[in-house]
Structures are given as C-alpha cells and as structure tokens.
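The following exercises examine a protein model, each with a worked solution. Please inspect the sequence and the coordinates before reading on.

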Amino acid sequence: MNQILEKSIFEYSREGRGAAAQQPPALVGAGAAAAHEAQSALPAALRRRSKPLLPEVSELDVVRHFTRLSQLNFSIDTNFYPLGSCTMKYNPKACNQYAMLPEFLARHPLAPDSQGQGFLSCMVELQEMLEEVTGMKAVSLNPMAGAQGEFAGVAMIRAYHHARGDLARNEIIVPEAAHGTNPATATMCGCVVREIPVDAEGDVDIAALEKAVGPHTAGIMLTNPSTLGVFERKIQEVARIVHGAGGLLYYDGANLNAILGKVRPGDMGFDVIHMNLHKTFSTPHGGGGPGAGAVGVSARLEPFLPVPVVGREGEAYRWLTEVDRPQSIGRLSAFMGNAGVLLRAYIYMRMLGRSGMSQVGEFATLNANYLLARLRAAGFDLAYPTRRASHEFIITLRRQAKELNVTAMDVAKRLLDYGFHAPTTYFPLLVPECLLIEPTETESRETLDAFVEAMVAILAETETDAAKLKGAPWTMPVRRLDDVRAAKQLELTWKPVNSAA
Amino acid sequence: MSHIPADRRYAKSHEWVRLLPDGRVEIGITDHAQQALGDLVFVEVPEPGRVLGAGEACAVVESVKAASDVYSPIAGTVLENNADLGGAPELINQDCYGKGWMMRLQPVSPDALDALLGPEAYAAQLAAEGG
C-alpha cells in the first residue's frame, strides 16, 4: 500500500472556511448584494438547493497543498526530461511573461476585431512565420491540440477529394513506424487505414508503397524524421508515387524540431502539415498546459482550412469566417484556438528570429548525435546503427532482457534514482525493449554528460546488481507503481468518505 | 525461450491455430506474442457470426506497453469468442495456449491450415527475428 503523500484538496475542506481576500468582488460587499438580487430573480425551481461540492479551505491550506504537489512533480523545470517524440524543451519564462500582459489577458474573445488589432497582428504574423518555416501556402491556428490538427488535416484531404467529385478515395496509407494517432485520425475521418512496412534501415518500403496506391488512395500520413529517429531519405520518391496516384501527402509535425530552419515540408512535397506548437515552439505541455496543433496547407487545400483564420487587409486585421471561406471544413473550437498558447509560440519565434530557428534544428540534432555516440561507445545497442540520428534516436535493451532479464522499463525506473526522467519506453513498437531518447537543443553539454554517466552506471548494474534495477525507483516519493492495475481499474474521481462508515 | 506446442500451427504474425476434433478451429496468440506485449489490460474479440478473411484484423490486444491488432490466420466464420477475456485479459499471459484462447471459427477450408507454419518453422522464424 502506497503511503498518501498529499491529501486531495477536498479533504482539507471545512464548512464555512475560505479566504475573503481572494474572493471575486461579486461575492463580497455591494457585489454580494447584487449577486443575491440576481439570484432571487431566478425561478425557485431552477435554483440549486445545496452548495456545489467545492472545497472550502483557507488561503494557507491552498498554498501549502499546491506547493507540496509541485514539489512531488518531476518536471522540465526540475530535471532533464529526454522523452522521445515529445520535444520536452525548456519553456522560456519570457514567453509566459509577455503572453500574460494584462492587455492580452483581459481581452474578451468576443471583442470586435477593431478592439483586438494588437492581438490579431500577433496572430497574423504567427501564421506567416509558420508558413515560411514550413514552406506551406497558408496556416490556420484553430486546432487546439496535435490530435485535432491531425483531424483537421485529414478532414481537409477528404474535403478536397469530395469537392472534385473524387468520392472513391477513402484510403489513408500509414507506415508501420507511424505514431498511433495517425491510424486513429484516419479512422475518425471515416477512412480505411492501409499499413505499409519500413525497410531494415528505417525508410519507407517503396515497393510496398507502389503496391498500396491506387484510385482509392486519399493520401499518406508521414512523420519525417520518422519515429525511428531517422530522416526519410526517399521522401521525394514517396511524394512522386502518391501524387502520381492522385493522393495527397500529410506531414505529421511531431518531429519538426529536427529540421527547423533546415528543410521545409512544403519543399518535400507535402500538401498538409500539422505543427505541435507545444513541442517545436516551446509552449508548456504534458500536463503543463494545453496544446496547439496549427495546420498548414499547400495552395490547393487553402479553401478548406478550418476557420477562423486571421486575414490582413492593408494595415487592418480581421477574422475570416465561413462567409469568406465557404469551403472550410468548419470550426474546431468555440473561438480561435488556444489563444494563450498561440501567443507564447509567437513570442518564442520572435525571440529566436530567423537564425535562431535554424540553430534549434542544428543543436537538437547535434545533442542527439552526441548522446548517441557516447552511449554507443559505452556499450549500448542502437536500433539503427548505420543511421545518423535526427533529433532523437533509439537504443534497444533486447540483449540485456534476454541474457540478464533486465528490461527497458527497469532502466527507465532506475534513471529516476539518478535524477533523470525516463526517455520514451516501448515506442516505437517496431523495436523491442527500446528507449527513444530526445535531448532537445536546450540542454547543456554538462547535462548530457551527466545523463551518459547515469546510463553507464545503470548498464554496469545490469551485470552486477540487477535487483537495483528491478526494485527501482528507490528514492522517489512513490516506488514502482502498479501500472497494470492502474490501466484496469481506472479511478479518477474523488468521492466524499461517508463519515458514518 | 518461448513455448511452442506441437499440436497446432502458427502464423508469421504470432497467432496460433488448433484444429478441433469437430472440424472447428481455435485461435489465440503465441507465448512469444504475449511475452513481447507484457501484461495485458484489455482484449477485444470478434462477435459470433462475423465472417473473416485470411489475414484480416479481427481482435485487439492491449498491454501497458502497446495496443496490437490480432489477425485471423485463416478465413472462416466466428462461432464463439472467449468471453472470460473481457474481465480477465491476464488469462492470455497465464495460459495463452489454453484458457487464453480468443475465438473459434468454422473455417472455409480446413486445408488452409496447411499453408501456415508448423512448430519448427515458427521456432525458426523466432530465432531469425532474434527472439
């Protein structure tokens, strides 16, 4: 039984406790009287009879509770976090600072365009910068997550074929190295998924692709560099084959960080791309904040972009809606996407500038290849030993699992004891007992060296003291969690304990 | 080393097929497959009456590591599925060749089993994969 490290906020609740200084004006003084009056105007039958089940706590209880929770957190602000395909780069505080200017925070989403020209000018510039860095013709900032960006992308591919009366195209080709979200997206959009293999060096199997395309091909979804951490070298041939068959190319932007400022998806032949602004453009994510999955398209898909998008008319900016874009796939959020996240990405890009943007790609790749070279020299097995890493790479503990009964999960858990968050484990599925390592460009050489030292120490322990790994973590607030039980008996709601029981 | 019983045949995609005395076939995933997946937390099996083609994705196994499709090694009609797996997916980890069976089919042609791998050939495939 795990010890309870911190009670839920509800368990601190005591009837009538609160913090008047923190209450909104509507609940105190004259505001309270007005609120009471408004409430009495509601028909009695529609008024609630009991208080909502919200915690009633003092300010000090709240401060202590959340401070303790933050101390239990293993985060990018406290530790190196090389989670592959997630781009857990540092989120500069300046981005928060400027995005939280009162003029941005107080802006109402329904305010007329004329009163939000400053915000709209930031959004239009963000659209234009994203177009430029990806080589796409137009961008919509509307999708509120990577998955929603994917949905928008495939929905646009379908809308494009339908608009041409090309109704038979309902197949989306997905290489086996793809993120699981790709086949899920295709299915959500009513398409049939055709999986094709990759070859021994991680490139798309061209012969299989040629066999898969045809009059039913709506498009192909590709991540480049792929989830195997290698650049798809045959991308131009892939584009020729898919376009030749009448299909479109979808670029999954999960690994855009690797090529930022170096190669552009638009130049590779992609027709549509989603970008995870919360990865590549450094807004908080992974429990730290909501995402933003902006989509970019080539000219032929522009009419289908989700609305609203920001239009520039001389020096004035306005939201373009269904009226301006009658062929749009529609709206994906009530307003314009996650405005606060978009602002942070905008500020990040402005801070980097054009030269900074290509340094991101260079340093992310350099850091990954440095780690790869040092870990290989230390005796770790690479999944793709003949290939140079992109911004991430895969080691496999297949040998250790077989000979020493030590798994990738054991190594991941042991890393916590050395002060490092684990890399991604057991993904991609193609590589057994794998760790997918992505250091990002924001880590120093000293941090990378410390990570290598920890990995070397753990590799030695696999031979000399496997129990250290099997029982890890030893130093964390909680020990090895029962993830099987967590998956099978998911319980996410707190229920009041019956005091009579 | 994974266990490969001699009384059945195997698909390259790590399913097993056992011919029952009455001509039906029983299908599940192999010891190698359950080991590679790890602890299973969810299993979805096809409904009786569903007609399956050879190689068709027809079931899903999900572990803490991954979710994978299970392919029907031969063509046939689903007669029965293993309802116990809904509440106890771990049966596949504990006894993949027995209590962890997934479905029983009426095969289009029992001869289809001959096209599948025998135990030796499947063992050779695993060895070639490094497993």
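**Exercise 1. State how many helices and strands chain B contains, and describe its overall dimensions.**

Step 1. Chain B contains four helices and nine strands; helices (H or I, at least four residues) and strands (E, at least two) are DSSP runs, numbered from the N terminus. Their order along the sequence is β-β-β-α-β-β-β-β-β-α-α-β-α.

Step 2. This is a predicted model, in which local features need pLDDT of at least 70 and side-chain atom pairs count only at pLDDT 80 or more, while totals for chains, interfaces and linings use all residues. Residues are numbered from 1 along each chain as its sequence is written, and chains are lettered from A and ligands numbered from 1 in the order in which they are written.

Step 3. The C-alpha trace of chain B spans about 35 × 35 × 25 Å along its principal axes. The radius of gyration of chain B is 14 Å, which agrees with the value near 14 Å for a compact globule of 131 residues. This radius is taken over C-alpha atoms, and the globule rule is 2.2 Å times the number of residues to the power 0.38.

Step 4. In chain B, 39% of the 131 residues count as buried. A residue is buried if 20 or more other C-beta atoms lie within 10 Å of its own, exposed if 12 or fewer, and partly exposed in between, with C-beta atoms placed from the backbone.

Step 5. Of the contacts in chain B between residues at least 6 apart in sequence, 64% join residues at least 24 apart. Two residues are in contact if their C-beta atoms, placed from the backbone, lie within 7 Å.

**Exercise 2. Determine which strands pair with strand β4 of chain A.**

Step 1. Strand β4(A) covers residues 217–223, and seven of its seven residues are buried, so the strand is largely enclosed by the rest of the structure.

Step 2. Strand β2(A) (residues 171–175) pairs with β4(A) in the parallel sense over three bridges; two strands pair if DSSP finds at least two bridges between them. Here Glu171(A) stands opposite Thr217(A).

Step 3. Strand β5(A) (residues 248–252) also pairs with β4(A) in the parallel sense, over five bridges. Leu249(A) in β5(A) is the bridge partner of Ile220(A).

Step 4. Together with helix α9(A) (residues 235–244), β4(A) and β5(A) form a right-handed β-α-β unit. Right-handed applies if, with the strands pointing away from the viewer, the path from the first strand over the helix to the second runs clockwise.

**Exercise 3. Identify the residues with the most contacts inside the largest nonpolar core.**

Step 1. The largest nonpolar core has 120 residues, and those with the most contacts inside it are Met156(A), Tyr250(A), Val272(A), Leu342(A) and Ala345(A). A nonpolar core is a set of buried Ala, Val, Leu, Ile, Met, Phe, Trp, Tyr and Cys residues joined through C-beta atoms within 7 Å.

Step 2. Helix α12(A) (residues 339–377) gives the most to this core, with 16 residues.

Step 3. Domain 2 (95–352) and domain 3 (397–487) of chain A both contribute residues, so this core lies between them. The domain bounds come from an automatic or database domain assignment. The C-alpha centres of these two domains of chain A lie 33 Å apart.
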